[in-house]
Amino acid sequence: MAVRITPEQIVDVEADLLADHERDLAALAEQLDRRGVVIDDIVEQIARFSVAAPSWALGTGGTRFGRFPRGGEPRSTEEKLDDIAALNAVTGANRTVSLHVPWDDPRDPAALRSYAADVGLGFDAMNSNTFQDNASTTAGGEISYKFGSLAHTDPDVRKQALEHNRAVIELGVQLGSTAITVWLADGMNHPGQANFRRQFERVAEGLHEIHEALPRDWEMYVEHKPYEPSFYASTNPDWGSSLLLAQHAGERAKCLVDLGHHLPNTNIEQVVSRLAMVGRLGGFHFNDSKYGDDDLTVGSIHPYQLFLVVLELIEHGGGGMPDVRYMIDASHNLKDPLEDLVQSTDQLQHAIAQGLLVDRCALSEAQERNDPALAADVLQAAYRTDVRPLVAEARRRNAAALNPLMTIRRLGYRSAVRAERGDGTPASGL
Ligand code: LRH
Ligand code: MN
């Protein structure tokens, strides 16, 4: 019997928090009122926000140097949905799941769809996988993706990669998803190993064929990454290549920005501004990183960068968060996967609250007048505001938790599912 978290349980275990919350919220409302800010609009916008949880990040992640599973990991896609339902119960902001095929390969998609609906979840962008040799994606091992997939010199390998993407789309249609994300590990490890142009042209052609296979109401997202597992050149390394590939693929092809897929010191908020400006910003894989594609907790290393990315989104959305795809893509080597996803979602809710507090009129005036100090002051006034009462209130209005991390611990979710699932079975995924 799956472990469920109910709004009533949350109210019970947080009874001692409510009075302080209401006091803090009233104090902030009074402070913001003096700045001409009506908190209800901001609370409503935060409450409307939702970020998809990655089905591949509900187990303990690892590296080539080791993996330290903690037990109680989901043994099936259904149990992953149980965990995401628990996550959504305490955050009120993870209302969809992004599946990764064949790590998730449901035998009965219709049954999985109604299982998800029963726990209040929907299916976000699907993810294909032509970066591993899985029997179900390599024609039973007839082909290998060792030297790439859509970029491969062998037409049989390219054909199989297309078949797999079409199969992922068909599965997504049955689940009610309306998008597919295509990240390719294709590239080179050695100078001269392949021809840059011919590799890129093969990928461009392959993505165009995937675009042509999209149902009318679907979009596809091309995800760039500078390196790993290709360590000399990735075929789609940066936003420029990704934009060229999306434009060549078709009208409903856009670019997905994984925050960890940028070389150190890349101005990611500017990348977001560029892609939004040309109407090709499809969505995000939120995470954070210090060095490479570390897939760490969102906003845990570069919180100000996250704030600036959100600011570009609010600019693009005309004062609110635009209708693009928001997804988390993380890997949890040390933290409990659910607690890490709680903190990533919480960081996003805070960055959005701070972004919505920016006085955008004062900012553009300072910009027009070339007054960088005043512009910085306008940004800092928002960034330095303690928005925790706003975020907690938005969650409370979604019947979720004022303090999700403390509450998921007080409810003993992990130990309850561990008792049910045991320690043996690591979850499929990263
Ligand atoms: C590649 C990536 C991609 C997924 C994978 C799980 O690094 O970000 O989005 O397919 O992680
Ligand atoms: Mn990603």
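This report walks through selected strands, helices and contacts of one predicted model.

## Basis of the model

The model is predicted: local features need pLDDT of at least 70, side-chain atom pairs count only at pLDDT 80 or more, and totals for chains, interfaces and linings use all residues. Residues are numbered from 1 along each chain as its sequence is written, chains are lettered from A and ligands numbered from 1 in the order in which they are written, and side-chain values use heavy atoms, with hydrogens and water left out.

Helices (H or I, at least four residues) and strands (E, at least two) are DSSP runs, numbered from the N terminus.

## Strand S7

Strand S7 covers residues 179-183. Five of its five residues are buried, so S7 is largely enclosed by the rest of the structure. Buried means under 20% relative accessible area, exposed over 50%, and partly exposed in between (1.4 Å probe, protein chains only). Ala179, Thr181 and Trp183 point one way from S7. Ile180 and Val182 point the other way.

## Partners of S7

Strands of a sheet pair through backbone hydrogen bonds, either parallel or antiparallel. Here, two strands pair if DSSP finds at least two bridges between them. S7 pairs with strand S6 (residues 126-127) in the parallel sense, over two bridges. Asn127 stands opposite Thr181 in S7. From S6 the chain crosses through helix H6 (residues 155-175) to S7, and this β-α-β crossover is right-handed. That term applies if, with the strands pointing away from the viewer, the path from the first strand over the helix to the second runs clockwise.

S7 also runs parallel to strand S9 (residues 219-223), joined by five bridges. Val182 has Val222 of S9 as its bridge partner. Ala179 has Glu219. Four of the five residues of S9 are buried, so S9 is largely enclosed by the rest of the structure. S9 in turn is joined to strand S11 (residues 253-258) by four bridges, again in parallel. There, Met220 has Ala253 of S11 as its bridge partner.

## Ile169 in helix H6

Ile169 lies in helix H6. Its relative accessible area is 4%, so Ile169 is buried. Leaving aside neighbours within four places in sequence, Ile169 is in contact with Ile180, Ile210, Ala213, Leu214, Pro215 and Trp218. Contact means heavy atoms within 4.5 Å. Ile169 and Ala125 are 44 residues apart in sequence. In space, their C-alpha atoms are 9.7 Å apart.

## An open sheet

Three strands form an open sheet in the order S1-S4-S5, with parallel pairing. Strand S1 (53-54) and strand S5 (122-123) are the edge strands, each pairing on one side only. Strand S4 (residues 96-98) pairs with S5 over two bridges. Thr96 has Gly122 of S5 as its bridge partner.

## Helices H3 and H11

The axes of helix H3 (residues 39-48) and helix H11 (residues 337-356) come within 10 Å and cross at roughly 145°. Axes are lines fitted to C-alpha atoms, for helices over the stretch in contact, and angles run from 0 to 180 degrees between N-to-C directions.

Ile42, Gln45 and Ile46 in H3 meet Gln349, Ala353 and Leu356 in H11. By class, this contact has four nonpolar, two polar and no charged residues. Ala, Val, Leu, Ile, Met, Phe, Trp, Tyr, Cys and Pro count as nonpolar, Asp, Glu, Lys and Arg as charged, and the others, Gly among them, as polar.
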